[in-house]
Amino acid sequence: MFSEFYRKEGDRIVCTLCRHYCKLSDGQTGVCGVNAHEGGRLRNLVYGKVAALNIDPIEKKPLYHFLPATTALSLGTVGCNFQCPFCQNWHISQSNAIEASQEVTPEQIVDAAVREGCSTIAYTYNEPTIFYPFARDVAKLAHAAGLKNVFVSNGMESPEVLADMKGLIDGFNIDLKSFDPAYYKKTLKGSHAGVLDTLKRLKSEGIWVEVTTLIVPGDNDSDEELGQTARFIAEELDPYTPWHISAFHPDYKVQDRDPTPAETLRRAEAIGRQAGLAYIYMGNVPEDGNTHCPDCQARVIARSGFYVVENRLVDGQCPECGRAIEGVWG
Ligand code: SF4
């Protein structure tokens, strides 16, 4: 399927799906491996070619303040515009085996979501920005069917794509993987400034955003860097943006390091609290991620793993003091 997200520059075209802005000669494919210049147009090679399709609790995305205890039909393709050496989905993200994917139409995706009682479609597993032409067609049908759309993303969406997503993508979980621009560039092959800009744009549009930081021992676990990350969220986004601090496990090319110790996550949590963040959740560890009212500290949502065991919110408000709890509650 050809995509409209490009501009011409002489004989080349520039893909405008993400902030890499790959300049492609005819026949060339971009960094992600799934958008190619074909005869003056941009073809999205993974349109309708799904490499992973599951029904997940929305909490697994993770989104803890977005229609709790509902399910999301979750899909991804092969390819990625990052090359994180610890990727937990590297089998698809770093693959170019498009031909091994399952062929589906947007209608089939939305029909399946409705049939299975899902409330949301989640574009996830690999970086969804690189398959936005497909996600966009699914998302439009999903809205028409009364479903919501969420992106689980590394934050490299171009401003052009972010503008197009307005009114279509209802929530985001964005990875803020580090606060070191050189690490983003050299190790992840992405742009730190670009991710920060995406986060600020989404917030300024009033779109629901939660942030995830995978804490990799030795890479991004210093007090200084965790403090910079937490302060950015609290001061440049807002203190009520949920921050998911997630434990690393050896995967893909990073096999020589121990998993993130629980005390590192607790240290990160303390740093986040000091920065003023109200909602901090630990991921990839056997900790229950409960939501507490920032004013009276009452427990308003109790979770066990990815499952909600009690939701005491009343019209999105704390049942004890009536404070509105930030989120999309349906
Ligand atoms: S989606 Fe990003 S990485 Fe892929 S071709 Fe377009 S600009 Fe390049």
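Analyst: This is a predicted model. A cis peptide bond joins Lys61 and Pro62, and Pro62 sits in the loop between strand 8 (52-57) and strand 9 (71-76).

User: What is the omega of the bond that joins Lys61 and Pro62?

Analyst: Omega is about -5° there, and the bond is cis. Most peptide bonds are trans.

User: Why is Lys189 called partly exposed?

Analyst: Lys189 has 16 C-beta neighbours inside 10 Å. Buried requires 20 or more and exposed 12 or fewer, so Lys189 with its 16 counts as partly exposed. Lys189 lies in the loop between helix 5 (181-188) and helix 6 (192-204). Its phi is near 65°, a positive value in a residue other than glycine. Most residues other than glycine have a negative phi.

User: Where is Tyr252, and why does Tyr252 count as partly exposed?

Analyst: Tyr252 is in the loop between strand 15 (243-247) and helix 8 (262-275). The count for Tyr252 is 16 C-beta neighbours inside 10 Å. That value falls between the limits of 12 and 20, so Tyr252 is partly exposed. Phi of Tyr252 is near 50°, which is positive, and the residue is not glycine.

User: Which residues are around the ligand, and how do they divide into nonpolar, polar and charged?

Analyst: The shell around the ligand includes Cys15, Leu17, Cys18, His20, Tyr21 and Cys22. Gly30, Val31, Cys32, Asn35, Asn81 and Ile130 also belong to the residues around the ligand. The shell divides into eight nonpolar, four polar and no charged residues. Cys and Tyr count as nonpolar and Gly as polar in this division.

Terms used. Residues numbered from 1 in each chain as written. Predicted model: local features only at pLDDT ≥ 70, side-chain atom pairs only at ≥ 80, totals over all residues. Helix = DSSP H or I, 4+ residues; strand = E, 2+ residues; numbered from the N terminus. Near = placed C-beta within 6 Å.
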